[in-house]
Amino acid sequence: KYAEYILRIIPDKLTQEMAFYAGTVDSYTAGTHQVERLRKDSRFQVFSGLSFGYTYIGYNMRRKPFDDVRVRRALGMAVDTRKIHKYILNGEAEDITGPFVKQSKHYNRLIRPLPFDMKGAERLLHKAGWKKVNGKMVKNGKRLAFMLVTNNGNEARKSISQVVQDSWKKIGVKVSLDRVEWAVFLEKYINSLNFDAVILGWRLGLDPDLYQIWHSSQTKPHQLNFVGYKNKEADDLIVKIRQEYDFQRQIGFAHRLHEIIYRDQPYTFLYVGKWTALLDKKIVVAEDADGKGRYRKI
């Protein structure tokens with residue numbers, strides 16, 4: 001209901017913050033490192049919540065060793081997501097275990113995150129035929145080694161890639177890193193299905209239709225199931241969720257789909273981020289129900 005709304009594009013983070021303090025910008029989305037400080041500032045109104053979506057490590061299941069669920073689960077168990085939440089995201093994140101928006105009823109809250117367990121991860125790799133020799137995970141004379149890729153311009157993903165690389169090194173896995181510009185990243189790696197593992201994220205809505213991301217028909221180049229996940233029961237549930245009008249039955253199908261995807265671990269689900277927006281306290285709502293102008297904080 002504003003008479004006028006002006007959106008300014010300010011690429012530099014520090015300049016954004018300074019403009020907000022100076023009053024030349026009225027609303028501002030805080031970085032995770034700023035939230036604790038800005039929340040206590042009496043000059044601003046603060047709004048916080050969970051993001052609609054999540055960040056993950058996706059594995060190209062067409063390639064060895066990622067075709068083995070034990071390897072995917074072991075890699076997930078070797079990543080300390082709580083450390084990522086605390087030290088990279090300054091506590092502005094929560095665990096997530098599956099493909100649905102965490103705020104929705106379709107999200108299965110009975111499923112617990114993978115345990116952080118380095119020794120357990122090594123035992124799983126041993127069951128999959130890998131042996132740790134002189135600190136290196138080896139099978140048939142070949143070391144477990146691959147490339148982890150993500151896009152440039154996202155500092156959180158850059159830091160996560162380094163933490164994950166170090167974690168996997170401790171269980172004998174050699175990981176090289178590559179970070180490229182978004183357009184190159186999509187063309188070189190994602191759309192051509194030419195990658196081993198990738199750090200990415202989804203922004204989602206409350207609609208539980210996950211056909212494009214998870215159905216086995218969507219695994220071709222330039223499609224969204226680029227990790228190549230295929231599961232017949234999951235396919236059936238995805239279609240049922242699309243077709244079911246009874247909300248409770250739809251939730252039941254979604255919870256089962258969540259279980260299956262969690263069991264198969266095509267992704268290591270890292271976190272759902274929190275957002276904090278700040279608004280200058282001079283921004284108020286006018287009320288004229290009785291003919292008198294009254295103003296209240298949003």
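Predicted model: local features only at pLDDT ≥ 70, side-chain atom pairs only at ≥ 80, totals over all residues.
Two strands, β7 (142-143) and β8 (145-151), each give at least two residues to the lining of the second largest pocket.

The peptide bond running from K64 to P65 is cis, and its omega is near 5°. P65 itself sits in the loop that links β3 (53-59) to α3.

Next come the helices. Two packed helices are described by the angle between their axes and the distance between the axes. Helix α3 (residues 69-77) packs against helix α10 (residues 247-264) at an angle of about 90°, and their axes are 8 Å apart. That angle is why α3 counts as roughly perpendicular to α10. On the α3 side the contact involves V69, R72 and R73, while α10 brings Y262, R263 and D264. Taken by class, the residues where α3 meets α10 split into 4 charged and 2 nonpolar, with no polar ones.

Charged side chains also pair up elsewhere, with 19 salt bridges in the structure. One of them joins R37 and E17, with a distance of 3.3 Å from N to O. R37 belongs to helix α2 (residues 35-39) and E17 to helix α1 (residues 13-22), so this pair ties together parts that are 20 residues apart in sequence.

Two lysines round out the picture, each with a partner from another part of the chain. K174 is found in strand β9 (residues 174-180). Leaving out residues up to four places away in sequence, K174 touches R143, L144, A145 and F146. Between K174 and K136 there are 7.9 Å, C-alpha to C-alpha, and the two are 38 residues apart in sequence.

The other lysine, K282, lies in the loop between β11 (267-280) and β12 (284-287). With residues up to four places away in sequence again left out, K282 touches G23 and D26. Along the chain, K282 and D26 are 256 residues apart, but their C-alpha atoms are separated by 8.5 Å.

Conventions. Residues numbered from 1 in each chain as written. Heavy atoms only, no water. Helix = DSSP H or I, 4+ residues; strand = E, 2+ residues; numbered from the N terminus. Axes fitted to C-alpha atoms, helices over the stretch in contact; angles between N-to-C directions. Parallel < 35°, antiparallel > 145°, perpendicular 65-115°, else oblique. Contact = heavy atoms within 4.5 Å. Nonpolar A, V, L, I, M, F, W, Y, C, P; charged D, E, K, R; others polar. Salt bridge = Lys/Arg side-chain N within 4 Å of Asp/Glu carboxyl O.
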